[in-house]
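Open the structure in your viewer and keep the selection panel at hand. We will go stop by stop.

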Amino acid sequence: MERTKEMTVIEKDWGKFVSLPISDKLKYFSKNSRIYDCLFAQQFDREILEYLFRISNTLRRITKTKEGMNFASSLLDHKRAILYFVQPSTRTFLSFLNACHILGIKTSEIRDTSISSEYKGESPEDSIRTFSSYVDLIIMRHPTPNFVEKSAWLMNRTKRPVPVINAGSSKDQHPTQALLDIYTLYRSFNGEIDGKTIAMVGDLKRGRTVRSLSYLMKNYKNMKLIYISPKEFAMEKDIIDFLKKNNISYYETTDFEEGIKEADAIYMTRIQDEHDKNGESKKVDYSGYCFKEKHLKIIKKDAIIMHPLPRRDEIDVKVDDDPRAMYWRQERNGMWVRAALMAYIFNVDSKIHIENNP
Amino acid sequence: MERTKEMTVIEKDWGKFVSLPISDKLKYFSKNSRIYDCLFAQQFDREILEYLFRISNTLRRITKTKEGMNFASSLLDHKRAILYFVQPSTRTFLSFLNACHILGIKTSEIRDTSISSEYKGESPEDSIRTFSSYVDLIIMRHPTPNFVEKSAWLMNRTKRPVPVINAGSSKDQHPTQALLDIYTLYRSFNGEIDGKTIAMVGDLKRGRTVRSLSYLMKNYKNMKLIYISPKEFAMEKDIIDFLKKNNISYYETTDFEEGIKEADAIYMTRIQDEHDKNGESKKVDYSGYCFKEKHLKIIKKDAIIMHPLPRRDEIDVKVDDDPRAMYWRQERNGMWVRAALMAYIFNVDSKIHIENNP
Amino acid sequence: MERTKEMTVIEKDWGKFVSLPISDKLKYFSKNSRIYDCLFAQQFDREILEYLFRISNTLRRITKTKEGMNFASSLLDHKRAILYFVQPSTRTFLSFLNACHILGIKTSEIRDTSISSEYKGESPEDSIRTFSSYVDLIIMRHPTPNFVEKSAWLMNRTKRPVPVINAGSSKDQHPTQALLDIYTLYRSFNGEIDGKTIAMVGDLKRGRTVRSLSYLMKNYKNMKLIYISPKEFAMEKDIIDFLKKNNISYYETTDFEEGIKEADAIYMTRIQDEHDKNGESKKVDYSGYCFKEKHLKIIKKDAIIMHPLPRRDEIDVKVDDDPRAMYWRQERNGMWVRAALMAYIFNVDSKIHIENNP
């Protein structure tokens with residue numbers, strides 16, 4: 001409602017609205033000083049990040065018993081969500097679906113747009129509004145740039161808005177992936193991320209996750225970043241400029257073994273060849289940017305190895321058994337932090353804390 | 001059981017049964033003087049219509065709180081339904097699915113018949129019987145004429161019948177669409193439909209919804225219908241004959257602006273070109289049958305604008321913000337009235353009324 | 001944990017493990033002297049079979065009331081399962097899904113592998129591990145020989161194992177189909193299977209169900225098997241050898257009417273032409289191996305007619321109305337026995353018995 005009052009000419013015109021800097025948009029996607037639509041990694045500051053992580057920790061702890069799980073799934077058992085996934089994404093889809101199950105949210109799925117009334121000539125905006133008619137939350141993955149944001153913007157202009165969570169929008173934003181990456185650092189380092197050294201390895205140029213992770217490092221103190229990549233896939237200039245501006249320490253190298261030695265966290269990524277225009281990935285020698293069993297000996301004893309998955313051969317399966325291999329837990333962390341986010345959006349986060357942390 | 005006793009030679013022979021007039025079939029799809037299988041719009045008389053609308057109103061009112069939603073979803077949490085949608089229909093599918101969620105009914109989905117054991121040569125009748133084995137209710141959309149009816153007929157001849165709800169059968173019947181259209185009139189006019197003027201616009205010749213709506217007008221008194229369409233898409237003679245026989249006032253015009261002026265409800269429809277044989281729709285000038293922003297000025301101040309959706313450009317998106325634009329609420333009404341119908345079929349409707357209308 | 005201690009070199013090497021005889025593998029898929037992963041029909045001895053059947057009987061009895069169904073669906077409402085069905089199978093899929101619903105298990109589905117992150121080059125093993133991250137149980141159907149077993153083996157080597165149930169693996173194993181077949185005998189004969197005569201009819205050579213059923217007959221005393229088939233589809237030598245070794249009485253015939261006369265159960269099967277290499281099925285005259293209405297007169301008065309379904313014309317639809325036609329109930333039995341199996345795997349079977357059999 002405060003939004004409605006403040007609604008200006010710009011806010012009513014999508015073409016103008018979308019061109020605003022993200023910082024100017026944030027209040028449009030908030031309600032009662034809380035994130036209402038979760039669209040950008042930039043919506044998370046340190047306070048909200050750590051609050052969500054504490055909810056995640058509590059949720060995963062209490063749900064180990066039947067009683068605790070029954071408590072969790074009573075929190076939002078009066079809510080219904082739709083998972084609208086136009087792009088294939090088994091991993092993110094299952095993570096969100098099961099996060100809904102944990103909280104008792106009932107779910108509908110649209111995963112194959114060919115089974116859709118869109119064939120009758122409906123606009124994508126009308127489809128979204130239709131889906132929203134039946135539910136209380138939209139979780140959306142969409143290949144069209146800014147379409148998730150536009151849906152949230154559109155919803156907020158209707159008489160029956162429902163929150164929208166971005167589950168991956170084109171190449172640009174995938175805020176809950178950023179959440180789970182930081183949560184994995186938080187959890188692995190017992191809440192002490194400040195001062196750590198994070199190596200990011202691989203296709204840094206086109207990897208959405210390493211870009212978001214770099215960005216969110218500004219929330220922490222004395223971080224040191226090491227970018228390890230073939231020169232063709234070096235981190236883009238906009239992020240480097242961002243680090244400089246925010247005085248975040250970093251260095252770049254093409255030497256994998258040299259780079260991973262001193263890291264507290266090694267974030268591996270696969271080559272993003274789905275963004276190739278002319279098969280340029282094949283010309284790059286990626287073999288030196290794979291974590292093999294032998295590398296377990298040269299990294300720190302308490303380092304952690306991360307990967308957003310799926311992997312190809314960037315990490316040898318033999319590494320999986322090492323206690324420092326964190327990527328499977330990282331994946332599972334996504335479910336917990338997404339559940340925490342939804343509990344927060346629907347304002348039942350305090351129930352989780354009050355009833356379970358005496 | 002009464003059905004079994006009365007089962008005659010005709011009722012045992014599908015070929016003979018299907019040729020009976022609908023009025024003769026109704027008792028076969030009833031149980032204890034209630035609708036058991038919901039197949040035809042003709043099953044609804046005014047009494048049952050208004051009863052279902054009162055349940056719908058109560059359901060939507062009480063489910064605004066967590067307690068009320070928990071009450072609603074405890075009503076049928078011991079039941080399981082299958083949504084068997086051979087034809088694509090996101091809208092009707094989601095509406096039914098979420099209506100099930102509201103009542104606590106657990107759901108299975110068959111939406112893509114290629115993922116089916118039918119490939120092993122099973123008959124469609126055997127498939128239906130298989131699906132019914134696991135559930136308490138079948139909600140079916142099927143492109144084959146009379147197939148939904150045949151499924152209900154078949155089920156009723158087995159030892160373990162389950163009710164069947166028609167969610168759209170070929171070109172002929174889509175009874176719950178008719179329900180939601182009338183419910184929208186009922187709700188918008190505070191229960192006073194008698195005496196209203198309803199304009200129906202567009203492809204009246206091939207539109208299933210305007211035909212059903214016309215038919216159901218016989219339940220109300222002093223109705224006036226205005227059919228507005230290009231002459232190629234005028235309402236079919238069988239409906240005109242029906243109106244004459246039932247003394248329902250109507251007139252036909254090709255003049256959109258003239259026609260909508262005096263209407264209390266304007267029911268817009270899109271061109272049904274999926275029924276084209278030789279692209280004949282392209283030859284028709286439909287541009288004069290679109291509701292534009294300027295028309296808001298010429299219609300009655302308390303008129304409502306309806307549309308079964310999806311729309312193309314029959315209604316300009318600028319019309320959406322007008323309080324008289326009722327189509328988005330009409331869509332949502334479908335979920336409530338379908339929930340009411342299922343509550344009624346499973347005989348828990350009295351619980352909704354007794355516990356919530358003191 | 002006992003498994004971990006005993007883990008030998010062989011158990012760590014899939015290539016070696018898979019070659020072990022099934023009897024040597026069983027302990028690897030057990031936990032606390034219970035079946036943990038359900039992979040092979042050979043995991044069921046008479047004691048466990050009859051125990052599961054008693055659970056099934058209790059479950060189906062108590063769930064006839066709302067209270068009983070609510071009790072059942074509270075048993076595992078803190079658990080989540082994924083149904084990973086790479087091969088189409090509507091019947092088995094729905095049976096498992098609704099068995100989950102009966103116990104309150106929340107479900108995720110992967111039915112179409114094209115909507116999968118596998119397109120990004122992930123290994124099938126990594127996909128399984130990903131799916132397992134979010135759930136407590138994997139129910140899997142897979143066309144690759146031994147892949148279901150490999151998944152269970154792999155899971156048991158991780159820090160967060162979840163049980164795996166085989167819902168049909170390639171041509172070889174489909175243990176819950178065997179369960180429901182025996183349960184149908186058990187239920188139809190009031191628990192007295194010993195001494196019965198079972199006729200199996202049709203494509204015995206390539207039918208997975210008749211092979212499993214034959215194998216499990218060793219759990220019962222004084223059984224007599226009659227194999228009725230065209231000579232091209234006679235039962236394979238390995239099963240015949242097994243019967244001889246276990247002193248199970250049998251005879252083979254090509255004469256359908258002769259064979260079914262003395263049977264207590266007649267297990268019909270369809271021609272398995274999906275296994276044809278050169279359309280060889282078309283050369284076989286199958287017409288004499290179809291159960292027609294006239295055969296109802298020549299079989300025993302209390303015989304039962306079974307079929308794993310789907311059927312083509314092996315059983316005339318006119319036979320469906322005969323009380324001895326058991327195949328529709330057989331299909332439904334699958335849901336109950338699968339629910340019983342899951343209750344057993346999650347150790348809530350005693351709750352079903354204690355609270356419901358005073």
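In which sense do strand E3 (residues 80–85) of chain B and E5(B) pair, and over how many bridges? They pair in the parallel sense, over 5 bridges. Before going on, note that this is a predicted model: local features need pLDDT of at least 70, side-chain atom pairs count only at pLDDT 80 or more, and totals for chains, interfaces and linings use all residues. Residues are numbered from 1 along each chain as its sequence is written, while chains are lettered from A and ligands numbered from 1 in the order in which they are written.

**Stop 1: a strand in chain B**

Select residues 137–142 of chain B, which form strand E5. Strands here are DSSP runs of E with at least two residues, helices are runs of H or I with at least four, and both are numbered from the N terminus. Two strands pair if DSSP finds at least two bridges between them. Show Phe85(B): its bridge partner in E5(B) is Arg141(B).

Is E5(B) enclosed or open? It is largely enclosed by the rest of the structure, because 6 of its 6 residues are buried. Buried means that 20 or more other C-beta atoms, placed from the backbone, lie within 10 Å of the residue's own; 12 or fewer is exposed, and in between is partly exposed. In a regular strand the side chains alternate between the two faces of the sheet. Colour Leu137(B), Ile139(B) and Arg141(B) for one side of E5(B), then Ile138(B), Met140(B) and His142(B) for the other. Both faces are covered.

**Stop 2: two domains of chain A**

Move to chain A. Colour domain 1 (2–174 + 333–347) and domain 2 (175–330); the bounds come from an automatic or database domain assignment. Their C-alpha centres lie 27 Å apart. Across the boundary, 23 residues of domain 1 are in contact with 19 residues of domain 2. Contact means C-beta atoms, placed from the backbone, within 7 Å.

**Stop 3: Ala325(A)**

Select Ala325(A), in the loop between strand E11 (304–306) and H14 of chain A. Ala325(A) counts as buried because it has 20 C-beta neighbours inside 10 Å. Not counting residues up to four places away in sequence, Ala325(A) touches Ile305(A), Val319(A) and Asp320(A). Then pick Cys38(A), 287 residues apart along the chain: the two C-alpha atoms are separated by 29 Å.

**Stop 4: where chain C meets chain A**

Show chains A and C together. The contact takes 20 residues from chain C and 22 residues from chain A. On the chain C side, strand E4 (106–110) and helix H8 (124–133) each supply at least two residues. H8(C) gives the largest share, 5 residues.

**Stop 5**

Terms used:
Two residues are in contact if their C-beta atoms, placed from the backbone, lie within 7 Å.
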